[in-house]
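Let's take a walk through this model together, from the annotated spans to the pockets and then to the aromatic rings. Keep the viewer open as you read.

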Amino acid sequence: MDIAGLIDELIEREGGYSHHPADRGGPTNWGITQAVARENGYAGDMRKMPRSVAESIYRRLYWERPGYAFAAEVAPEVAAELFDTGVNMGPAVATAFLQRALNALNRNQKDYPDLAVDRKIGAKTLAALGAFMALRGRAGERVLLKAVEALQGERYIALAESRPANEAFLYGWLANRIG
């Protein structure tokens with residue numbers, strides 16, 4: 001799994017500076033919100049934030065810290081989706097999608113025990129992912145990916161339903177983040 005490649009693809013999708021009036025994230029560059037940039041030591045003008053700062057934040061906060069690098073060793077396509085979803089919705093939400101999908105796909109705990117949906121990648125989540133992949137293989141990984149994306153899509157629609165201003169983003173979320 002090439003995290004540098006995933007970051008390049010993500011930044012290409014996110015683009016450069018934006019400050020959409022309906023976006024609660026405020027000023028954003030390379031997909032990094034001003035709040036996240038500030039929390040990670042960047043104090044400058046968001047329009048001028050170097051791409052390298054965004055790359056470092058993506059690698060640390062959205063790949064290494066949530067444990068997606070470990071998941072990539074077992075299920076690289078799923079890990080790539082978790083990374084992208086984590087950037088867009090937060091790693092805890094992305095990880096919860098994985099845990100819920102794994103629970104729903106374990107055939108009533110015949111394949112591996114249910115997971116607590118604690119929104120963290122730990123030994124139990126990695127063991128369940130490994131057991132799922134050992135049983136289902138790469139074809140199963142694509143099914144797991146569909147389950148994660150289904151949960152993501154439902155959340156996007158719920159966000160648009162709960163806050164009409166989010167409808168400005170729904171089409172792009174579905175077009176660029178699902179499947």
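UniProt places a feature called "domain: TtsA-like Glycoside hydrolase family", from an unreviewed entry, at residues 8–90. The UniProt positions use the numbering used here, feature names are shortened, and annotations may be inferred rather than shown by experiment. Before going on, note that this is a predicted model, in which local features need pLDDT of at least 70 and side-chain atom pairs count only at pLDDT 80 or more, while totals for chains, interfaces and linings use all residues. Residues are numbered from 1 along each chain as its sequence is written, and side-chain values use heavy atoms, with hydrogens and water left out.

Residues 8–90 are 58% helix and 5% strand, and the end C-alpha atoms of that span lie 19 Å apart. Helices (H or I, at least four residues) and strands (E, at least two) are DSSP runs, numbered from the N terminus. For residues 94–177, UniProt lists "domain: Peptidoglycan binding", again from an unreviewed entry. That span is 74% helix and 0% strand, with its end C-alpha atoms 12 Å apart.

Now for the pockets. A pocket is found on a 1 Å grid over the protein atoms alone, as an open set of points where a 1.4 Å probe fits, with protein on both sides within 12 Å along at least five of seven lines; lining residues have an atom within 4 Å of a point. Grid points are joined across faces, edges and corners, and a volume is the space filled by probe spheres set on the points.

The largest pocket has a volume of about 1,000 Å³. It is lined by 33 residues, and the closest to its centre are Glu14, Asp23, Val87, Asn88 and Trp173. Which element gives the most to this lining? Helix H8 does, with six residues. Elements that each supply at least two residues include helix H1 (3–14), strand E2 (32–33) and helix H7 (123–162). By class, the lining has 13 nonpolar, 13 polar and seven charged residues. Here Ala, Val, Leu, Ile, Met, Phe, Trp, Tyr, Cys and Pro count as nonpolar, Asp, Glu, Lys and Arg as charged, and the others, Gly among them, as polar. Why does the largest pocket lie between domain 1 (1–65) and domain 2 (75–178)? Because both domains give residues to its lining; the bounds come from an automatic or database domain assignment.

The second largest pocket has a volume of about 220 Å³. Of its 13 lining residues, Arg13, Glu81, Asp84, Asn176 and Arg177 are the closest to its centre. H1, H5 and H8 are the elements that give two or more residues to this lining, which divides into five nonpolar, two polar and six charged residues. The second largest pocket also has lining residues from both domain 1 and domain 2, so it lies between them.

Next, the rings. The structure holds five aromatic pairs. Rings of Phe, Tyr and Trp (its six-membered ring) pair if their centres lie within 6.5 Å; planes under 30 degrees apart count as stacked, over 60 as edge-to-face and the rest as tilted. Tyrosine 58 and phenylalanine 83 form an edge-to-face pair, 6.3 Å centre to centre with 75° between the planes. This pair links distant parts of the chain, with tyrosine 58 in helix H3 and phenylalanine 83 in helix H5, 25 residues apart. Tyrosine 58 is buried, at a relative accessible area of 0%, and phenylalanine 83 is buried at 1%; buried means under 20% relative accessible area, exposed over 50% and partly exposed in between (1.4 Å probe, protein chains only).

The rings of tyrosine 156 and tryptophan 173 are stacked, because their centres are 4.9 Å apart and their planes are at 20°. Tyrosine 156 lies in helix H7 and tryptophan 173 in helix H8, so this pair ties together parts that are 17 residues apart in sequence. Tryptophan 173 is buried, with a relative accessible area of 17%.

Finally, take a look at the backbone. Most residues other than glycine have a negative phi. Tryptophan 30, although not a glycine, has a positive phi of about 60°, and it is found in the loop between strand E1 (28–29) and E2. Asparagine 108 has a positive phi of about 55° and is exposed, with a relative accessible area of 74%.
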